[in-house]
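Here is a short report on one protein chain. It covers salt bridges, surface charge, backbone and fold.

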Amino acid sequence: MIKETIPVTGMMCEHCEQAVTSHIQALPGVKKVKASHKKASVEVRYDESQTTPDALRAAIVEAGYEPA
């Protein structure tokens, strides 16, 4: 299990946090997601055998935000 914090630009509110969270949670192997617009980041715990950092970043982009 890996814990990664990814900086995210563009999140302004709790709705933004929910969009990022739901896109990341849809990935296989993701166990926990905590997005924070105040910290401009998302913390993710995931199984590295089921998903990758690139997949996490792609999910953030799909949600309409930019991983830094």
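## Salt bridges and surroundings

Arg-57 counts as partly exposed, at 26% relative accessibility. The model is predicted. Arg-57 pairs with Glu-4 in a salt bridge, at 3.0 Å from N to O. The two partners sit in distant parts of the chain: Arg-57 belongs to helix H2 (residues 53-62) and Glu-4 to strand E1, 53 residues apart. Glu-4 is buried, with a relative accessible area of 15%. That value falls under the 20% cut-off, so Glu-4 takes the buried label. Arg-57, at 26%, lies between the 20% and 50% limits and therefore counts as partly exposed.

How many salt bridges does the count come to? The count comes to 2 salt bridges. Glu-43 and Lys-3 form a salt bridge, with their closest N and O atoms 4.0 Å apart. Glu-43 lies in strand E3 and Lys-3 in strand E1 (residues 2-9), so this pair ties together parts that are 40 residues apart in sequence. Glu-43 is partly exposed, with a relative accessible area of 30%. As background, side chains of opposite charge can pair when their charged atoms come close.

The two pairs are set out below.

| Salt bridge | N to O distance | Elements |
|---|---|---|
| Arg-57 and Glu-4 | 3.0 Å | H2 and E1 |
| Glu-43 and Lys-3 | 4.0 Å | E3 and E1 |

## Surface charge

Which residues gather in a patch of positive charge on the surface? They are Lys-32, Lys-34, Lys-39 and Arg-45. Lys-39 lies in the loop between strand E2 (30-36) and strand E3 (41-46). Is Lys-39 buried or exposed? Lys-39 is exposed, with a relative accessible area of 63%.

## Backbone at the E2-E3 loop

Ala-40 also has its place in the loop between E2 and E3. Its phi is near 55°, a positive value in a residue other than glycine. Most residues other than glycine have a negative phi. Ala-40 is partly exposed, with a relative accessible area of 33%.

## Fold and overall dimensions

The chain has 2 helices and 4 strands. Along the sequence they follow the pattern β-α-β-β-α-β. The radius of gyration is 10 Å, close to the 11 Å that the globule rule gives for 68 residues, so the chain is as compact as a globular protein of that length. Its C-alpha atoms fill a box of roughly 30 × 20 × 20 Å along the principal axes. Of the 68 residues, 40% count as buried.

## Two distances across the chain

Ala-26 has its place in the loop between helix H1 (14-25) and E2. Ala-26 counts as exposed, at 63% relative accessibility.

Thr-9 lies in strand E1. Thr-9 is partly exposed, with a relative accessible area of 43%. Arg-45 is one of the residues in the positive patch.

Definitions and conventions
Residues numbered from 1 in each chain as written. Predicted model: local features only at pLDDT ≥ 70, side-chain atom pairs only at ≥ 80, totals over all residues. Heavy atoms only, no water. Patch = residues over 30% accessible without salt bridge, like charges linked within 9 Å, V, L, I, M, F, W, Y side chains within 5 Å. Areas by Shrake-Rupley, 256 points an atom, 1.4 Å probe, with all protein chains shown as cover. Salt bridge = Lys/Arg side-chain N within 4 Å of Asp/Glu carboxyl O. Lys, Arg positive; Asp, Glu negative; His and termini not counted. Charge placed at Lys NZ, Arg CZ, Asp CG, Glu CD. Buried < 20%, exposed > 50% of the residue type's maximum accessible area, 1.4 Å probe, protein only. Rg over C-alpha atoms; globule rule 2.2 N^0.38 Å.
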